[in-house]
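Welcome, and please open your viewer. We will go from stop to stop, selecting a few things each time and looking at what is there.

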Amino acid sequence: PEGVTPFSLTNFGELRGYFGIPAEGPVPDDIARKLVHGYRACVSYMDAQVGRVLAAVEKLGLADDTVVMLWGDHGWKLGEHGSWCKHTNFEIDTRAPLIVRAPGRQTPGRRTSALVEFVDMYPTLCDLCGISTPSHLEGTSFAPLLSDSNGAWKTAAFSQYPRRRVMGYTVKTARYRYTEWQDKRGGGVRARELYDHREDAAENVNVAEHRAYADVVARMSVVL
């Protein structure tokens with residue numbers, strides 16, 4: 001991406017450890033096509049397994065009192081930004097799948113753009129199952145979104161991923177994704193990233209140093 005920081009991307013060492021992947025440089029087109037094919041096949045296969053589980057729940061007569069939550073622990077790059085795998089603070093790495101099936105919902109099958117986080121999953125399951133929520137939990141139940149997918153919700157979600165001597169702290173809002181790379185030894189902010197998803201959904205231009213976004217950077221830093 002234009003204006004990317006020295007900490008933003010990786011050399012995707014996770015992929016380079018596999019057979020047939022070059023030790024350095026870009027992934028050749030033929031290998032890239034095979035990798036994308038394999039990833040999509042994996043998703044298709046898992047979709048079929050979820051179908052088997054849900055069919056068994058129905059067959060056993062448990063559908064009316066069973067909550068199903070399907071999630072992934074991270075996103076994945078398939079050549080985006082000239083990179084592969086995960087291990088970054090870009091949206092494509094930190095945005096994960098999340099599908100919930102719960103009995104008694106008024107609007108099943110709806111999608112929502114509301115911001116939810118992994119820490120919200122535990123209290124949501126407690127809420128849906130009628131279990132009291134432990135006081136130490138940091139998350140918020142998103143069960144109300146299963147009935148009103150467009151309801152008012154949290155305004156920011158947070159994530160982080162490190163490099164050797166810095167930690168990348170990120171805040172995501174409805175429009176922006178902002179990251180501060182902070183020195184782990186207390187040396188302050190080493191670099192910043194800001195992506196305007198209204199203008200640049202693929203995060204191809206870091207506008208953190210653009211004068212027109214100075215106020216946005218200041219506001220997002222406060223939120224973070």
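Two strands pair if DSSP finds at least two bridges between them. Helices (H or I, at least four residues) and strands (E, at least two) are DSSP runs, numbered from the N terminus. This is a predicted model, in which local features need pLDDT of at least 70, side-chain atom pairs count only at pLDDT 80 or more, and totals for chains, interfaces and linings use all residues. Residues are numbered from 1 along each chain as its sequence is written, and side-chain values use heavy atoms, leaving out hydrogens and water.

**Stop 1: the sheet**

Select β6 (residues 166-172) and β7 (residues 176-183): seven bridges join these antiparallel strands. Click on G168, and then on W181, its bridge partner in β7. Now widen the view to the open sheet of four strands, which has the order β5-β6-β7-β8 and antiparallel pairing. At the edges, β5 (157-162) and β8 (189-196) each pair on one side only. From one strand to the next, the twist averages 15°.

**Stop 2: the helix across the sheet**

Contact means heavy atoms within 4.5 Å.

**Stop 3: the core**

A nonpolar core is a set of buried Ala, Val, Leu, Ile, Met, Phe, Trp, Tyr and Cys residues joined through side-chain atoms within 4.5 Å. Buried means under 20% relative accessible area, exposed over 50%, and partly exposed in between (1.4 Å probe, protein chains only). The largest core has eleven residues, including V171, Y178, L194 and V217. Which element gives the largest share of this core? Three residues, the largest share, come from α5. Show Y178 next: among the residues it touches are V171, L194, V217 and M220.

**Stop 4**

Select D196, in strand β8. Is D196 buried or exposed? D196 is buried, with a relative accessible area of 2%. Its side chain and that of Y213 are joined by a polar contact of 2.8 Å (a pair of N or O atoms within 3.5 Å; within protein, one must be able to donate a hydrogen and the other to accept it, and residues adjacent in sequence count only if both atoms are side-chain atoms).

**Stop 5: the cysteines**

Finally, show C126 and C129: the sulfur of C126 is 7.7 Å from that of C129, the closest cysteine sulfur, so they are too far apart for a bond. A disulfide is a pair of cysteine sulfur atoms within 2.5 Å, and the whole structure has zero.

Methods:
Axes are lines fitted to C-alpha atoms, for helices over the stretch in contact, and angles run from 0 to 180 degrees between N-to-C directions. Lists of a residue's contacts leave out its neighbours within four places in sequence.
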